[in-house]
Every structure is written in structure tokens, then in C-alpha cells.
Amino acid sequence: ERRYGREFADIFAETLVTGIYAGSAKELSMKLCFENIWKNQNFLFLKMLFHSMKLATFQRGLSSLIQKLTCHFDIEYGTKVLSMHEGEDQVFIETNRGLVVGNKVISTLQTSEIPYASVVTAAVGFKEEGLFPKGFGLLASEKNHPELLGVVFDSEIFPENKSSMKSIATLMFGGQRSPDFCAFSDHEITVKVHKVLTYLFSINQMPDELFIHRAEHAIPQFPV
């Protein structure tokens with residue numbers, strides 16, 4: 001707001017930060033969340049942000065990447081860590097599948113020192129083609145959509161993915177805007193999904209397929 005004005009901050013910056021971190025631009029640290037923009041604080045950040053942006057996907061989902069890696073590396077997934085202790089030059093990790101010994105441990109577990117935002121994703125599929133506009137998707141402003149974070153047009157981004165559903169999109173709700181959204185029932189979320197589809201895309205029929213996923217405490221927030 002100090003550099004670009006209130007309108008820019010309320011419409012563009014707030015919407016962009018919400019779309020990426022599901023948080024608030026007024027509360028998150030610009031330096032920690034957008035380091036390159038922080039170092040080059042001018043309008044060229046738009047070019048830096050979107051320059052050479054490339055998208056990739058896997059026809060069978062991201063799990064196929066892990067499955068392929070297990071063919072070349074010793075990777076265990078679906079494993080629960082029961083305990084861990086350090087020796088003089090080794091780390092001993094007790095799991096539900098046995099003991100794992102290593103030299104170093106890199107943990108990506110959540111910490112209570114950092115707040116997290118929860119997000120609900122609703123993947124919708126329609127047998128009818130062309131229901132969503134061309135493009136990547138959209139980010140929703142809090143003023144117009146206080147619970148919606150954004151929509152990704154999956155069938156437009158990745159048309160090579162084969163599916164019986166011709167029009168596919170993922171709607172994202174919750175975040176810091178609506179922190180209790182994960183507590184809504186599937187029926188309540190379905191009603192909200194239908195309202196968004198009707199309002200934004202003039203889609204009046206219910207999706208032929210709908211998958212709801214609750215990601216609680218999913219995205220770390222880096223406050224000022």
C-alpha cells in the first residue's frame with residue numbers, strides 16, 4: 001500500500017497472497033514470502049514473478065513420481081515414526097516398519113512456532129465440454145468472495161490428461177479468510193461449490209463428479 005496505493009494492495013496484492021499462501025497480505029512478511037520481489041521493489045516484479053513460468057503434471061497424479069523414485073532410491077512411504085534419538089555420529093529412527101539408521105535427519109514436520117492455514121479443495125468434473133474459460137484459473141478477492149480463495153481450470157491447463165470428465169476444475173476455500181471452513185459438512189461445502197459455479201461460470205447443474213479434501217493446518221504463515 002505504501003508503494004503502490006490502497007487499491008493495488010486491496011485488489012491485487014491481497015488476492016495474490018491469498019492465492020499462494022491462503023493468508024493475509026497485511027499480516028505476512030513480504031521479505032520471507034516473496035524474497036525476489038522484496039529485493040527488487042518495483043513494477044518489474046510482475047515480470048520476475050511470471051517469467052518463464054512452466055507447468056507440468058503427471059497423468060496418474062503426483063504419487064506416480066514417488067512410485068518411480070522408489071525404483072531408483074531407497075524410499076519408504078506410509079511409514080510412521082515412533083521415536084528418534086541421536087548417537088555420537090548416527091541418528092536412530094524407530095518406525096512401525098523397523099529401525100532406520102542415518103547420519104542426518106531433515107524434518108518437514110509442522111512446528112507449533114509457526115501458524116498454519118487450513119484449506120478445503122473441491123475437485124469438480126463435468127461430462128460436458130467447454131464449461132470453463134480458457135486460461136489457468138482465477139484468484140478471488142475477499143470483497144466479492146469471502147470464503148473462496150481461487151479456482152484452477154485443470155482441464156484447460158492439462159488437456160492431455162485423459163478422463164471421462166471433459167470439464168474439470170479445482171475450487172479452493174478457507175485459509176485465513178474463513179479459518180473454520182474445514183468444519184463444514186460435505187453437504188454444506190457442496191452447496192457452496194454449486195453457488196460459486198453458478199455465480200462465476202453460469203453452471204447451474206451439479207457436477208457429475210465431486211471430490212472434497214480437507215487439508216487442515218496445511219500452509220505455513222510467515223507473519224511480520
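**Exercise 1.** How many helices and strands are there in the chain?

Solution. The chain has seven helices and eight strands, taken as DSSP runs (helices H or I, at least four residues; strands E, at least two) and numbered from the N terminus. This is a predicted model, in which local features need pLDDT of at least 70 and side-chain atom pairs pLDDT 80 or more, while totals for chains, interfaces and linings use all residues. Residues are numbered from 1 along each chain, and side-chain values use heavy atoms, without hydrogens and water.

**Exercise 2.** Which residues of H7 are buried, and where do they lie on the helix?

Solution. Step 1: buried means under 20% relative accessible area, exposed over 50%, partly exposed in between (1.4 Å probe, protein chains only). Step 2: Ile-189, Thr-190, Val-193, Val-196, Leu-197 and Phe-201 are the buried residues of H7. Step 3: viewed down the axis, they fall within an arc of 125° (directions from the helix axis to the C-beta atoms), so they line one face of H7. Step 4: the face turned away from the buried side carries the exposed residues His-187, Lys-195 and Tyr-199.

**Exercise 3.** Classify Cys-71 and Cys-182 as buried or exposed.

Solution. Cys-71 is exposed, at 57% relative accessible area. Cys-182, at 12%, is buried.
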